[in-house]
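Please look over the model shown below before reading on.

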Amino acid sequence: MYAWVIQRISGLYLVFFLLTHVMAIAQANFSITTGSMAQMLDVFRNPFWAGSSLTATFDLVALGIIAFHGFNGIRIVLLDLGFGVRKHRIGFWVTMAIAIATASIIINLALPMLHPR
Amino acid sequence: MVKQTLWKSIGLWILQRITAVLLVLFLGLHLWLSNFTTDWAAISRALVDLSLLGLALFHGLNGVRTIVLDFGLGSQGRRYLSVSLVMLGFTAFLFGVYGFLPLVFTK
């Protein structure tokens, strides 16, 4: 039941993330045409309040939540199709292990985003 | 009326599953194309990102609809909810296309 609750809350977070992500990327794309792309990327790279932007941290958190929501979603689809219903408890923890491993790898790859050039 | 609503719900439920699987695939492509290739204006990127946007908007807003309906809503409220979510979805998609255009045409 907790997986269900977390799936819904993470889903709501991701809808919010999707809309803000589209707006942020659109702004970055518009600034290509005016030649201030580098300035925009600086804002993206600046974590916490120092550059008055939380975007990078927000994106990194989103990567972890996407991994959880995605793998838990695959688990739900498989359960609906009838795979692994009998061993659903162990299946949940295997899913969580895969999600955490994937999130760690992807967030590790994305960490340079937090460092200024 | 009830029968129609039932079939609509089943159809949306199946679409929610199909988009879920597609989203996982497109998300992998999206992360790869955005961060590990240098050709920013590639047409494949435009296709992947815009399909991803459409799929994600459908899946996300349909998810919001499911959550709200689980709290209980009359048939009138249901209609208002669906109409506003569809409108939000189309607006966000058009904005996404609009925001993507400079990337395609500046090369």
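Setting aside neighbours within four places in sequence, A56(B) makes contact with L18(A) and L23(B). The model is a predicted one, and A56(B) sits in helix α2 of chain B. Which class of burial does A56(B) fall into? A56(B) counts as buried because it has 27 C-beta neighbours inside 10 Å, where the cut-off for burial is 20 or more.

**Around A56(B)**

- T19(B) is 37 residues away from A56(B) in sequence, yet the two C-alpha atoms are 7.8 Å apart in space.
- One of the two contacts of A56(B) outside its sequence neighbours is L18(A), in the other chain.
- The other such contact is L23(B).

**Nonpolar core**

- The largest nonpolar core has 17 residues, and the members that touch the most others are L18(A), A67(A), A56(B) and L57(B).
- Two or more residues of this core come from each of α1 and α3 of chain A, and likewise from α1 (2-35) and α2 (43-70) of chain B.
- The helix with the largest share of the core is α2(B), which supplies 5 residues.
- As general background, nonpolar side chains tend to be buried together in soluble globular proteins.

**Contact between the chains**

- Chain A puts 19 residues into the contact and chain B puts in 20 residues.
- On the side of chain A that touches chain B, the elements giving two or more residues are α1 (2-33) and α3 (55-81) of chain A.
- Which element gives the largest share of that side of chain A? The largest share comes from α1(A), with 13 residues.
- By class, the side of chain A that touches chain B consists of 12 nonpolar, 5 polar and 2 charged residues.

**Chain A as a whole**

- Chain A contains 4 helices and 0 strands, and its elements follow the order α-α-α-α from the N terminus.
- Chain A has 117 residues, of which 16% count as buried.
- Among the contacts in chain A with a separation of 6 or more, 61% join residues 24 or more positions apart.

**Helix α3 of chain B**

- Helix α3 of chain B covers residues 75-105, a run of 31 residues.
- From first C-alpha to last, α3(B) reaches 45 Å, close to the 45 Å expected at 1.5 Å a residue.
- Where does α3(B) bend? A bend of about 25° is found at G99(B), and a proline, P102(B), follows within four residues.
- The buried residues of α3(B) are A92(B), G96(B) and L103(B).
- V104(B) also belongs to helix α3 of chain B, but V104(B) counts as partly exposed because it has 16 C-beta neighbours inside 10 Å; the partly exposed class lies between the cut-offs of 12 or fewer for exposed and 20 or more for buried.
- V104(B) and L88(B) are 16 residues apart along the chain, and their C-alpha atoms are separated by 24 Å.

**Confidence**

- The model has an ipTM of 0.85 and a pTM of 0.83.
- The average pLDDT of chain B is 86, and 92% of the residues score at least 70.
- Within chain B, α1(B) has the lowest confidence, with a mean of 86, and α2(B) has the highest, at 91.

Methods
Residues are numbered from 1 along each chain as its sequence is written. Chains are lettered from A and ligands numbered from 1 in the order in which they are written. This is a predicted model: local features need pLDDT of at least 70, side-chain atom pairs count only at pLDDT 80 or more; totals for chains, interfaces and linings use all residues. Two residues are in contact if their C-beta atoms, placed from the backbone, lie within 7 Å. Ala, Val, Leu, Ile, Met, Phe, Trp, Tyr, Cys and Pro count as nonpolar, Asp, Glu, Lys and Arg as charged, and the others, Gly among them, as polar. A nonpolar core is a set of buried Ala, Val, Leu, Ile, Met, Phe, Trp, Tyr and Cys residues joined through C-beta atoms within 7 Å. The expected span of a helix is 1.5 Å times one less than its number of residues. The bend at a residue is the angle between axes fitted to the seven residues ending there and the seven starting there. pLDDT is the predictor's confidence in each residue, from 0 to 100.
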